[in-house]
Amino acid sequence: MKQYDVIIIGSGIAALQLANKLTKDLNVMILTKENLTKGNSYLAQGGVAAAVAPGDDPYLHYLDTMEAGAHHNNAKAVLEMTKKAPELINGLWQSGCRFDEDENGNLLLGMEGAHSEKRIVHSGGDETGRHMVEFLISDLASNITVEQSTFVYDLILNQEKSRCIGVKAKLPDGSNEIYLAPHVVLATGGCGQIFSFTSNAETASGDGIALAYRAGVELADMEFVQFHPTLLYVDGKTRGLISEAVRGEGALLVTEDGKQIMAGIHPLKDLAPRHIVSQTIYDYSRRGIQIYLDISYIEDFSSRFPTISKLCTQHGIDMEKGLIPVVPGSHFIMGGIKTDLQGRTSIPGLYAIGEAACTGIHGANRLASNSLLEGMFVGGNLADWINSQRADKETGNNLPVHVKTFFVGKLPVPDMLKQTMMDRAGIVRTKEQLTLQAEWLAQFNHDKWLDADLDHLSPAQLTSLFMYITATLVTQSALERTESRGGHYREDFPYEDNANWMKKQIIHQRKNRKDGKHEFNQTALAT
């Protein structure tokens, strides 16, 4: 049993920003299930959005975020973030984080889909996440301990179940350990791995979302999953992300014979919001028509996008032809663990930041390059909150009596779960397919797994379980929302239903909803 002041589960941008902003008198532990750089933040190509150009304004950034989010966003939260964005970027830049500059030494700004201005800050062309993560890791102080290959599999609540006081984790040697702290932070990332086509790192299996749900924490907006329009597609599999910045620099989506597929679909054409571009590509794909990114309009593509060029070459793409085969795949979940802008959840002592959290900022569809920004923003806010607190430590004497049940049940084979989720609960959804998926998932005894003792499970089994719980939540929410909005597209309800659904969230919470139904809540989305 180990005691700390703050436990951070995960090692992406949000986690590292938080760790670096905490005061040096706090004893901080970072637990990450693989190594520090095995997450989505490190893979992020596109950049960070901020209104730093002379002709730009945080309010314009706010308007773009609201529009992309189908006005399901928490407006106040969005405005707070866009106002803070220039300070966050300039602070990192001045601290030594390397961002791309123009010939005058100013930040070089790019354009991405659904933005009205050039405001995307990059580092190393298409290596923004990698450079930011490496910079923040290099800045970690001596009060911060990191334990890698440590899989957190359960949250510990006090005897009254009124506060989170720690976690249980599986160590590299297979043994279990208890870590206690008055502040426990879930920064575990998203859940892209529950779909067969995804841009996400292998670590993005919905761990934090499942942990929080098992503990009785409120979740929100689980139906809103963003599918990135352009994943490299070779030999029937997705091989990695082709950044939206490629289209920002002039690449066009075309059929093999050169037809531009976004012409006439949306005023922004190839830079339309992601759900529109993804749905358009998907419509062609299910008719057996391969779509390509035509990059022939971009000068010096290999030097502008070195990571993407290397990825394509590794998978046999002839870059001289200027055509990159692409399909949409899961990229980001706008929903997650419901929090405020300090990352506080419905259980005191437990916090969530980054993609695992749902602050309401992204609404129904995240605006491009707002993810790293939100991670820095809320991570910094949480640091300020924790720094202002001096909560008494809960000790081992207050550990709850062990009441979990020993349950040995079958779990879905991950590949089968991923394929069925993609086919039935993916880009285009219907009641028939979602019901089929819900019934398929139900056979694995979801409710029994929620109360099961997990001490005996291996990391692979735990990953399968967390994917299963998260997939069930996504499917239930997608079935419940009978409209199309943002990243949630129902073919049988193809339009936004503002009269019945505007600003309404689907809330999942175990403790008061034993009937399995879901309640609506509008308060978090008040403008």
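I am working with a predicted model.

**Entry 1: helix α12**

I started with α12, which covers residues 414-425. I counted twelve residues in this helix. From its first C-alpha to its last, α12 reaches 15 Å. That is close to the 16 Å expected at 1.5 Å a residue.

Next I asked which residues of α12 are buried. They are L417, K418, T420, M421, M422, R424 and A425.

**Entry 2: α1 against α11**

I turned to helix α1 (residues 13-21) and helix α11 (residues 371-388). Their axes come within 8 Å and cross at roughly 35°. I noted the crossing of α1 past α11 as right-handed.

Which residues make the contact? From α1, I listed I13, A14, Q17, L18 and K21. From α11, I listed L372, G375, M376, G379, G380, L382, A383, I386 and N387. I sorted the residues of this contact by type: eight are nonpolar, five are polar and one is charged.

**Entry 3: a sheet of three strands**

I looked up an open sheet with the order β4-β6-β5. Its three strands pair in the antiparallel sense. Which strands are at the edges? They are β4 (48-49) and β5 (109-110), and each pairs on one side only.

I followed β4 to its partner, strand β6 (residues 120-121). Two bridges join this antiparallel pair. I found V48 opposite V121 in β6.

**Entry 4: a sheet of four strands**

I moved on to another open sheet, in the order β1-β10-β9-β8. The pairing among its four strands is mixed. Why is one side of β1 and of β8 left without a neighbour in the sheet? Strands β1 (2-3) and β8 (151-157) stand at the edges with a single partner strand each, so one side of each has no neighbour there.

I checked β1 against strand β10 (residues 176-180). The two run parallel and are joined by two bridges. K2 has Y179 as its bridge partner in β10.

Technical notes: Residues numbered from 1 in each chain as written. Predicted model: local features only at pLDDT ≥ 70, side-chain atom pairs only at ≥ 80, totals over all residues. Heavy atoms only, no water. Expected span 1.5 Å × (residues − 1). Buried < 20%, exposed > 50% of the residue type's maximum accessible area, 1.4 Å probe, protein only. Axes fitted to C-alpha atoms, helices over the stretch in contact; angles between N-to-C directions. Left-handed = near helix turned anticlockwise from the far one by under 90°. Contact = heavy atoms within 4.5 Å. Nonpolar A, V, L, I, M, F, W, Y, C, P; charged D, E, K, R; others polar. Pairing = 2+ DSSP bridges.
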